[in-house]
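Here is a briefing on the model shown below. Look at the structure first, then read the points by topic.

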Amino acid sequence: MEAIVVLLVVAAVIGLIGLMSSVRVVKQYERGVVYRFGRVNALPKEPGPRLLLPFVDRMTKVNMQVVTMPVPSQEGITRDNVSVRVDAVLYFRVVDPVRATVDVQNYQFAMLQVAQTSLRSIIGKSDLDDLLSGREKLHEGLELMLSTPATGWGVHIDRVEIKDVALPESMKRSMARQAEADRERRARIITADGELQASHKLSEAARTMDANPAALQLRMLQTVVEVAAEKNSTLVLPFPVELLRFFDRAAAGSGAAAPAAPAAVEEQPAGTEVTPAPSGPAPAEVEQAGRSELPGPVPPLQIPDPRTSED
């Protein structure tokens, strides 16, 4: 009798252990893939408590959440022969747990390797400007390259993004000089455009002042007010250029109305004494006038040869 009780107790313990080992809980974000005698069940287990046959069924849980996988930095040469180092990030999730566990040994490792090779391929097909500014097209190209093998593994690619592009220091300096030269060019163009517009406005103001002389006086008074507003001890008054021109014309007119120079003195025979007229100008004035009005050097007289003359 005691042996029967012992056998019942042992059987109950074994049944309890088998029951505990056969009951599995599948979480909300998981799916259970059941293998019965090595053959996979086509329908995965849904979330909740699930009962398996002891020593017959074996269940593998597959995470259905979105996996964020950083892609290690990959060195490559772009299409325009620039060496760069690019790293990216990959977002994917499992949509078919049976294929993700049966068709590929480790789908996460497989996705990592495919992402690295695809990133290297996209670097060689792109220019440096595309890697720096036109990344949307590169993201679409990476997603297309990864979707082809991922679909066969029961994986869906949500998003692929290039995270960083590392450039050589020499290339960074060259790009900085290029950007600085471009900014300087635009600054010079803007300055020249401003000077052109200012010249047009100044020409219009000059024509207005020329048509209305009172406008010039008002402008001069406004300048005086602006200078005096600074509380300076020195007041600067603008001097009209027209006044200088008036003085210039007056000086030219007085020079034209000056008296004519005295006539040349006739030659007198040797020994003849010439007496100046008492009413003439003073000797000093005559000498000064003579110096200013005397003609240039007189050419020498041409004496004919007596041998060829008949007289």
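M1 sits in the segment before helix 1 (2-22); helices (H or I, at least four residues) and strands (E, at least two) are DSSP runs, numbered from the N terminus. This is a predicted model: local features need pLDDT of at least 70, side-chain atom pairs count only at pLDDT 80 or more, and totals for chains, interfaces and linings use all residues. Residues are numbered from 1 along each chain as its sequence is written, and side-chain values use heavy atoms, with hydrogens and water left out.

- M1 is exposed, with a relative accessible area of 77%. Buried means under 20% relative accessible area, exposed over 50%, and partly exposed in between (1.4 Å probe, protein chains only).
- M1, I4, V5, L8, V9, V13 and I17 make a nonpolar surface patch of about 720 Å².
- Patches are made of residues with over 30% relative accessible area and no salt bridge; like charges are joined within 9 Å, nonpolar side chains (Val, Leu, Ile, Met, Phe, Trp, Tyr) within 5 Å.
- Accessible areas come from the Shrake-Rupley method with a 1.4 Å probe; for residues, only the protein chains shown count as cover.

- An open sheet of three strands runs in the order 3-2-5, with antiparallel pairing. Strand 3 and strand 5 are the edge strands, and each pairs on one side only.
- Two strands pair if DSSP finds at least two bridges between them. Strand 2 and strand 5 pair in the antiparallel sense over seven bridges.
- E30 stands opposite N63 in strand 5.
- Q65 lies in the loop between strand 5 and strand 6. Q65 is partly exposed, at 40% relative accessibility.
- Q65 and E30 are 35 residues apart in sequence, yet their C-alpha atoms are 7.9 Å apart in space.
- Not counting residues up to four places away in sequence, Q65 touches Y29, F92 and R93. Contact means heavy atoms within 4.5 Å.

**Salt bridges**

- A salt bridge is a side-chain nitrogen of Lys or Arg within 4 Å of a carboxyl oxygen of Asp or Glu. By this rule the count comes to 11 salt bridges.
- D57 and R36 form a salt bridge, with the closest N and O atoms 2.6 Å apart. The pair links distant parts of the chain: D57 is in strand 5 (residues 57-63), R36 is in strand 2 (residues 30-36), and they are 21 residues apart.
- D57 is buried, with a relative accessible area of 13%. R36 counts as partly exposed at 43%.
- R85 and E75 meet through their side chains in a salt bridge (2.0 Å, N to O). This pair also links distant parts of the chain: R85 is in strand 7 (residues 83-94) and E75 is in strand 6 (residues 67-77), 10 residues apart.
- R85 is partly exposed, with a relative accessible area of 37%. E75 is partly exposed too, at 47%.
- E184 and R188 meet in a side-chain salt bridge (2.8 Å, N to O). Both lie in helix 6 (residues 169-211), and they are separated by about one helical turn because they are four residues apart there.
- E184 is partly exposed, with a relative accessible area of 40%, whereas R188 is exposed at 58%.
- D182, R185 and R186 are linked in a network of salt bridges.

**A buried histidine**

- H139 is in helix 5 (residues 135-152). H139 counts as buried, at 10% relative accessibility.
- A polar atom of the H139 side chain lies 3.0 Å from the backbone nitrogen of I162.
- A polar contact is a pair of N or O atoms within 3.5 Å; within protein, one must be able to donate a hydrogen and the other to accept it, and residues adjacent in sequence count only if both atoms are side-chain atoms.
- H139 touches V160, E161 and I162, not counting residues up to four places away in sequence.

**Positive phi angles**

- F37 has a positive phi of about 55° although it is not a glycine. F37 is in the loop between strand 2 and strand 3 (39-40), and is exposed, with a relative accessible area of 66%.
- N81, in the loop between strand 6 and strand 7, also is a residue other than glycine with a positive phi, near 60°. N81 is exposed, with a relative accessible area of 67%.
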